[in-house]
Amino acid sequence: MNVAFIPACRGSKSIPLNIKEMAGKPLVYWVAKAANDCNFIDKIYVTTDSPVIKNVVEKLYLKKVVVIERSVDTATYNTSTESAMIEFADNYEFDNIVLIQVTSPLLTSKDLDNGFELYNVEGTDSVLSAVRQKHFQWETGQDGYASPMNFDYRNRPERHDFRGYLVENGAFYITSRKALLNTRNRLSGHIRICEMDGSTYFEIDESSDWEVIERKLYEKIKSTRNSEKIPQVKMFLTDCDGCLTDGGMYYSENGDELKKFNTKDGMGLCLLREKGIITGIITGEDRHLNQKRAEKLNVDEIFQNVKDKVAVIKQLCDKYHILPENVAYVGDDINDAEAIQYVGYGCCVYDANNTVKKYADYVTEKNGGHGAGREIIDMILNNQ
């Protein structure tokens, strides 16, 4: 049995509580998700001394994840990670353990799969993750003069011919329970290195690292989304004006406000509900017409006069036990940008604000209120 061990104590010096949001999700989510998707990991133990962290992790809804308590003695600033690992090994049965650091959110399930494939090579006792660097290193001697450490400056190698050197990136370490208890160390015996992408050289040691890594994480998310099929959608949410309508504001001679909805979008929402997909409308407006349209279509949820759409999406994810990555959202203006980035399949209509288009996974061929919603719904249903 292979288990993942993720320490997440409240006493983290670098990132308090380990649950500050990065790229729209708690920091701990990224490594827990990578472990959850790893083919070799059977169970994931997130160990913490914080009830706040415990509550957040339990709401990640990752099926392999279990939260366990970490004793006060192993959760202080000056105690080693090994002490927590050994405490865990003394109380739980397993064959092999992979220590995963919360501060390495760029870790992927493929990295972990690669690590276990190396670990399973005969004669291997431990595996650690590292990245290859190609910097020329120097050191200064006691006489004050410098000398090269890893190259000959008189015969300077071309970069493509230079092997460089490997640096621990702190993402993960694999060993057996037996070796851990015998050596009291995360590494022992014959050690292999699992090379990861150079971008993963960065880990969060200080708060100043946050912005750099978050930017890289956003880049990775966008690249992954562009290269993958539509994710499994379990909840479909949309803005109203400009998406289900053409955005126009119509008034009768008597001053009555009118809206033009598209019947094809309405049928699409009904088709989603027939497939068991939760449907909802989240709008910044507060109009009785929106409520009437939602009731006619039997939409599961409608939220009006909303200022923070991401907060509503989180609330709905908690209510229905659905991960944000299994949510589709359709928007058209800048107040939809955060929601589009937060969900697994963020879309916008063709006549959406240009800023919003930059964040969308898909931009429709149709304008809002002209069947754009049905266009997205048909794509979702055809790819489920």
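Predicted model: local features only at pLDDT ≥ 70, side-chain atom pairs only at ≥ 80, totals over all residues.

Residues are numbered from 1 along each chain as its sequence is written, and side-chain values use heavy atoms, leaving out hydrogens and water.

**Aromatic rings**

Rings of Phe, Tyr and Trp (its six-membered ring) pair if their centres lie within 6.5 Å; planes under 30 degrees apart are stacked, those over 60 edge-to-face, and the rest tilted. By this rule there are nine aromatic pairs. Two of them involve Tyr 45, as the table shows.

| Pair | Centre to centre | Angle between planes | Type |
|---|---|---|---|
| Tyr 45 and Phe 88 | 5.0 Å | 55° | tilted |
| Tyr 45 and Tyr 92 | 5.1 Å | 55° | tilted |

Tyr 45 sits in strand β4 (residues 43–48), and Phe 88, 43 residues away, in helix α3 (residues 81–91), so that pair links distant parts of the chain. Helices (H or I, at least four residues) and strands (E, at least two) are DSSP runs, numbered from the N terminus. Tyr 92 lies in the loop between α3 and β6 (96–100), so its pair with Tyr 45 ties together parts 47 residues apart in sequence.

How accessible are these rings' residues? Tyr 45 is buried, at 8% relative accessible area, and Phe 88 is buried too, at 3%. Tyr 92 is partly exposed, at 29%. Here buried means under 20% relative accessible area, exposed over 50%, and partly exposed in between (1.4 Å probe, protein chains only). Phe 5, Tyr 45, Phe 88, Tyr 92 and Phe 94 form one aromatic cluster.

**A helix with buried residues**

In helix α4 (residues 109–119), the buried residues include Asp 111, Leu 112 and Phe 116. The buried residues of α4 pack against several elements, among them β1 (2–7), α1 (27–36) and β7 (126–133).

**Two packed helices**

Helix α7 (residues 263–274) and helix α12 (residues 372–383) pack at about 30°, with axes 7 Å apart. Axes are lines fitted to C-alpha atoms, for helices over the stretch in contact, and angles run from 0 to 180 degrees between N-to-C directions. That makes α7 roughly parallel to α12; angles under 35 degrees count as roughly parallel, over 145 as roughly antiparallel, 65 to 115 as roughly perpendicular and the rest as oblique. The contact (heavy atoms within 4.5 Å) includes Met 267 and Leu 271 of α7 and Ile 377 and Leu 381 of α12.
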